[in-house]
Amino acid sequence: PCMMDHIIDLNKHLTGTGREFKVVNEEVNGIRNSMKHAKNSAEDELEVEPEHAVAMLARAVVNYVSLEESTTPLMHRFYEHLQLLHPDICLKPLD
């Protein structure tokens, strides 16, 4: 399963029923796009649900490993820390 599958599962767990993939995907990608396309300093901060922030950080580390086929010691420790704090989100091992 990909990271979005884990986010969908988490959403089902948190809400009891879950939402459509399209809705959750638009929400997660909307957060990312808001950060990528911010044009002024008033957009430097935005509110993000904690599980979305953790999912985005975990996804970034997993994507980096996919591209580079390695990780830095600090990234590895950070991901392990995310796994300990949020095992329901960070399911994919780095190795």
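1. Is A58 buried or exposed? A58 is buried, because its relative accessible area is 0% and the cut-off for a buried residue is under 20%. This residue belongs to helix α3. It should be noted at the outset that the structure under review is a predicted model.

2. The confidence of the prediction deserves attention before any detail is discussed. The mean pLDDT of the chain is 76, and 87% of the residues reach at least 70. Among the elements, α1 has the lowest mean pLDDT, 73, whereas helix α4, residues 73-85, has the highest, 82. Where pLDDT is low, the predicted coordinates should not be read in detail.

3. The overall architecture is helical: the chain contains four helices and zero strands. Read from the N terminus, the order of elements is α-α-α-α.

4. As to burial and surface, 28% of the 95 residues count as buried. The chain exposes about 6,700 Å², and carbon and sulfur atoms supply 55% of that area.

5. The largest nonpolar core consists of eight residues, namely M4, I7, I8, V24, V28, I31, A55 and M56. Three helices each contribute at least two residues to this core: α1 (3-15), α2 (21-36) and α3 (50-68). Apart from this core lies another, which has seven residues, including V54, V62, M75 and Y79.

6. The buried residues of α2 are V24, V28, N29 and I31. Viewed down the helix axis, the buried residues of α2 fall within an arc of 145°, so they line one face of the helix. On the other side of α2, the residues K22, E26 and K36 are exposed.

7. Helix α3 may be checked in a similar way. With 19 residues at 1.5 Å a residue, α3 should span 27 Å, and this agrees with the 27 Å between its end C-alpha atoms. The buried residues in α3 are H52, V54, A55, M56, A58, V61, V62 and V65. Among them, V54 and V62 belong to the seven-residue core, while A55 and M56 belong to the largest one.

8. What is the phi of E69? The value is near 60°, which is positive in a residue other than glycine. Most residues other than glycine have a negative phi. E69 follows α3 and lies in the loop between α3 and α4. E69 is exposed, with a relative accessible area of 71%.

9. F78 is partly exposed, with a relative accessible area of 32%. Leaving aside neighbours within four places in sequence, F78 is in contact with L57 and V61. The C-alpha atoms of F78 and A58, which are 20 residues apart along the chain, are separated by 9.0 Å. A58 and Q83 are 25 residues apart along the chain, and their C-alpha atoms are separated by 8.7 Å.

Key. Residues are numbered from 1 along each chain as its sequence is written. This is a predicted model: local features need pLDDT of at least 70, side-chain atom pairs count only at pLDDT 80 or more; totals for chains, interfaces and linings use all residues. Side-chain values use heavy atoms; hydrogens and water are left out. Buried means under 20% relative accessible area, exposed over 50%, partly exposed in between (1.4 Å probe, protein chains only). Accessible areas come from the Shrake-Rupley method with a 1.4 Å probe; for residues, only the protein chains shown count as cover. A nonpolar core is a set of buried Ala, Val, Leu, Ile, Met, Phe, Trp, Tyr and Cys residues joined through side-chain atoms within 4.5 Å. pLDDT is the predictor's confidence in each residue, from 0 to 100. The expected span of a helix is 1.5 Å times one less than its number of residues. The arc is that of the directions from the helix axis to the C-beta atoms. Contact means heavy atoms within 4.5 Å.
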